[in-house]
Amino acid sequence: MTTASTPLFRPLQLGPLSLPNRMVMAPMTRSRTSQPGDVPNALMATYYAQRASAGLIVSEATQISRQGQGYSFTPGIYSEAQVDGWRRVTEAVHAAGGRMVLQLWHVGRMSHASFHADGLPVAPSALSPQAQVWVVGDDGVGRMVDCPVPRALSAQDIQDVIGDFRRGAANAMRAGFDGVEIHGGNGYLIDQFLRTTSNHRTDAYGGGIAQRTRFAEEVAAAVAGEVGAERTGIRLAPFITQRNMNCPQIIETILHLASRLDEIGLAYIHLSEADWDDAPEIPQDFRHALRRAYQGKVIVAGKYDAERAQAILHEGLADLVAFGRPFIANPDLPARYAAQAPLAAFDPKALFGGDARGYSDYAALATA
């Protein structure tokens, strides 16, 4: 593969950002923050700066409040120490020539009692996800533990969470990010509002499609109003059904939401596609329907390699392709794809928590 022969290496204008290629580093939870306080640190700055050759870096999911946390050692964007820590990261990425947005996160019911004073996560409705999260115990060992049944958010609670998203976006810009991405997929809070399997509300935020998309729309409008729609994206996951999220109306719900996000003017939609071996294929008619409903840029993510990425870009069904795990052990992934060099394998035991090993100690192509 040469950079001239594939759209993967063509530049793209994304709002105010001039991207040198169409390769996005996908958001990946790595749980390497400093404690106490879930503060981004120098190790994280090194890790992200090593991967600055991506056209765009989307940060790991970052909780907008203590209430929004669901896993141990994930970073926040609600304290001054966290803002200062993230500023160290963005300065390192920019110094290396990169561009980076912060993913704003509220996990909703995908959480554990230890993160909440009353022991109860929050959700649209008091329904269990029948899932687990990674929590480090008092013995310092991380384990997968069951999520409790959450409490349903009140009308005032919902407004408070929308305010947390707005403040998180403002804090991200103070920390030097080039924009923000709202996490609206993968069974987390916004996704929980979208689906009939997790949203049994009978007020203005539940029932029909227009009611179930209202929370997502109001979050998007609040964030875009704070930082600019041209610097705002959202991640959605219509075909992911795990975490008790198999909603029969989700496709039409996502397409309705996409049209509303188009009116708000969001810069991009980031589609999180299932990435396991026997995952369902995304129907072509959905991809075309999304293009009709939404005129902004589309990022796709889900076990793409260079060949599949080139194909979907060539078909015009996506504008950028996000790569997750390939970026872990291959910090200079664009150079490796351009040179058709073999990819290094990552250490799965080092994905969550730990130190530089299996995180920032992978070699670039020139020194591998």
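**Entry 1: backbone spots in loops**

I began with P36, which I found in the loop between β3 (23–25) and α1 (42–50); helices here are DSSP runs of H or I with at least four residues, strands are runs of E with at least two, and both are numbered from the N terminus. The peptide bond leading from Q35 into P36 is cis, with omega near -5°. Before going on I noted that this is a predicted model, in which local features need pLDDT of at least 70 and side-chain atom pairs count only at pLDDT 80 or more, while totals for chains, interfaces and linings use all residues. I also noted that residues are numbered from 1 along each chain as its sequence is written, and that side-chain values use heavy atoms, with hydrogens and water left out.

Next I looked up Q130, which has a positive phi of about 50° although it is not a glycine, and which sits in the loop between β6 and β7 (132–136). Q130 counts as exposed, at 65% relative accessibility; the cut-offs are under 20% relative accessible area for buried, over 50% for exposed and partly exposed in between, with a 1.4 Å probe and protein chains only. R243 is another residue other than glycine with a positive phi, here near 65°, and I located R243 in the loop between β11 (232–236) and α7. With a relative accessible area of 21%, R243 is partly exposed.

**Entry 2: a proline in a loop**

Is P121 buried or exposed? P121 is buried, with a relative accessible area of 0%, and its place is in the loop between β5 (100–105) and β6 (122–123). Leaving out residues up to four places away in sequence, I listed G108, R109, S111, H112, H116, P148, P150 and R151 as the residues that P121 touches, where contact means heavy atoms within 4.5 Å. I also checked P121 against A152, 31 residues apart from it along the chain, and their C-alpha atoms are separated by 8.8 Å.

**Entry 3: helix pairs**

For α1 and helix α2 (residues 80–95), the axes come within 8 Å and cross at roughly 30°; axes are lines fitted to C-alpha atoms, for helices over the stretch in contact, and angles run from 0 to 180 degrees between N-to-C directions. The two helices are therefore roughly parallel to each other, on a scale where angles under 35 degrees count as roughly parallel, over 145 as roughly antiparallel, 65 to 115 as roughly perpendicular and the rest as oblique. In this pair A42, M44, A45, Y48 and A49 of α1 meet W86, R88, V89, A92 and V93 of α2.

I then turned to α6 and α7, which pack at an angle of about 20° with their axes 10 Å apart. That makes α6 roughly parallel to α7. On the α6 side the contact is made by A216, E217, A220, A221 and A224, and on the α7 side by H256, L257, R260, L261 and I264.

The axes of α7 and α8 come within 8 Å and cross at roughly 25°. That makes α7 roughly parallel to α8. Here I251, I254, L255, A258, S259 and D262 in α7 meet F286, A289, L290 and A293 in α8.

**Entry 4: the two sides of α8**

Which residues of helix α8 (residues 284–293) are buried? I found F286, R287, A289, L290 and A293. They cover an arc of only 165° around the axis, which puts them on the same side of α8; the arc is that of the directions from the helix axis to the C-beta atoms. The face turned away from this buried side carries the exposed residues D285 and R292. Among what covers the buried residues of α8 I noted α7 (250–264), β12 (268–272), β13 (297–301) and α9 (306–314).

**Entry 5: the nonpolar cores**

Last, I looked up the largest nonpolar core, which has 82 residues, with W86, F165, F215 and F323 making the most contacts inside it; such a core is a set of buried Ala, Val, Leu, Ile, Met, Phe, Trp, Tyr and Cys residues joined through side-chain atoms within 4.5 Å. The largest share of this core, eight residues, comes from helix α6 (residues 214–227). Apart from it lies another core, of 15 residues, among them L17, L19, V101 and Y268.
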